[in-house]
Amino acid sequence: MTIFCSHCHRPLQAEMSCLPRRGKQAPGASKPFRSTKSASKARRDQINVELQALRSLLPISAREKERLSYLHTMALVCLRLRGAQLFPPGTRGTAVPHASLALPHQDSASPCAAPADSAPPAGPALGAELLSLLPGFLLVLSANGKLVYISENVAQVLGLSVVELLAQGDTVFDILDGRAHEDARKKLLLAHEEPGREVTFVSEMRTSKAFRLQHGGNRAVAVRGHFTALRWPASPSTAAFLALCTPVARLPADDDAGSQDDLFQSTHILDMTFTDVTESVTYHLGYRREELIGRSWYSLLHPEDADLAAAQHRAVGESLGAGAAAGTAVLRVLRRDRTWAWLCVSARRDGGGHAITCTSHCLR
């Protein structure tokens, strides 16, 4: 009886095959698959141990540490590292943005110095007390817009803690409303090109769900600050944007007429000269109606906001037909008492396209 190989179909002797035996496998043959599940688990365990070690070093309460996810832990660690890079420990002459405000040096001859026999609060307790007296929260950014420091009283303004705010992202643009990104970039670039020059912009910032339910939306905040060189020689790695963020009235939505008590309307010819204005302008800006008629809108604007107002003016001028709108702009306008008022201004073409009507909501 002839036996044929099942592989090559050639006649073979009994108990023989043309295929190599398993025990005598060719050297170049592939090795059987080996599972790496245990190695992956070991790496994950090691990463978890390191993250727990980092979390234990953060200067926050044990209760807050227990609530931190690994993402929040890494966000806080990165924030601290950026702060340590800009504000090295032991550096004098700079305010170190750590868990509390650094107490400025006081001269014993200063009228603000505390009596020797008194015991004022010090350290974190004093830092928290000073923060509570501010009209807003402190914000420090790196040259590229990365968050370096946010004061703890941010929760009083936005309803979010520092940890919850960092969960939104690690740049200032992650916590700003998308419509204000371009304006914020321009203002930060202007401040970076001219260190020491103060710039201001207004934007809605992300808030907690409870805050949005209570107030009907996010919180509008005015960010005022400037770039400063923290060490010499000055470079982008040693420059920081120091800002105070103060809340303003909620920005009106596009379809929200708002309260009539918070706005006034004005009519202009195409070059933005006043032709009429409602009497309520006296309450908001202090001018009488007769003082503004014949005056240019641009004469009231803050110099930093002139470009933004001109862009809105061009958009209205290029629109076709009456009723065409050009969106809104947040601008600073000079009051009669020489202070600045924040206005959210919407403009549209009226009067057959030969006039411009502006509706201005007063924010603060």
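Predicted model: local features only at pLDDT ≥ 70, side-chain atom pairs only at ≥ 80, totals over all residues.
As a reminder, strands of a sheet pair through backbone hydrogen bonds, either parallel or antiparallel.

What about the turn? S3 and S4 form a hairpin with five residues between the strands. If you click on glycine 145 there, you'll find a positive phi near 85°.

Now, where does the hairpin sit in the sheet? We have an open sheet of five strands, and the order reads S4-S3-S7-S6-S5, with antiparallel pairing. So which strands stand at the edges? Those are S4 and strand S5, residues 199-205. Each has a single partner strand, so one side of each is left without a neighbour in the sheet. Going from one strand to the next, the twist averages 25°.

Okay, helices. Helix H3, residues 70-86, packs on this sheet and touches S4 and strand S7, which is 239-247. The direction of H3 makes about 95° with that of S4. Then there's helix H7, residues 181-193, which also packs on the sheet. H7 touches S3, S5, S7 and strand S6, residues 219-229. Its direction makes about 150° with that of S5.

Let me step back to the whole protein. How many helices and strands are there? The protein has 11 helices and 12 strands. Of its 364 residues, 37% are buried. If you take the contacts with a separation of 6 or more, 49% of them come from residues 24 or more positions apart. The accessible surface comes to about 21,600 Å², and carbon and sulfur atoms account for 55% of that.

Is cysteine 344 buried or exposed? Cysteine 344 is buried, because its relative accessible area is 4% and the cut-off for buried is under 20%. Cysteine 362 has 15% relative accessibility, so that one counts as buried as well. And how many disulfides do we get? With the criterion of two cysteine sulfur atoms within 2.5 Å, the count comes to zero.

Terms used:
Residues numbered from 1 in each chain as written. Heavy atoms only, no water. Buried < 20%, exposed > 50% of the residue type's maximum accessible area, 1.4 Å probe, protein only. Helix = DSSP H or I, 4+ residues; strand = E, 2+ residues; numbered from the N terminus. Contact = heavy atoms within 4.5 Å. Areas by Shrake-Rupley, 256 points an atom, 1.4 Å probe, with all protein chains shown as cover. Pairing = 2+ DSSP bridges. Axes fitted to C-alpha atoms, helices over the stretch in contact; angles between N-to-C directions.
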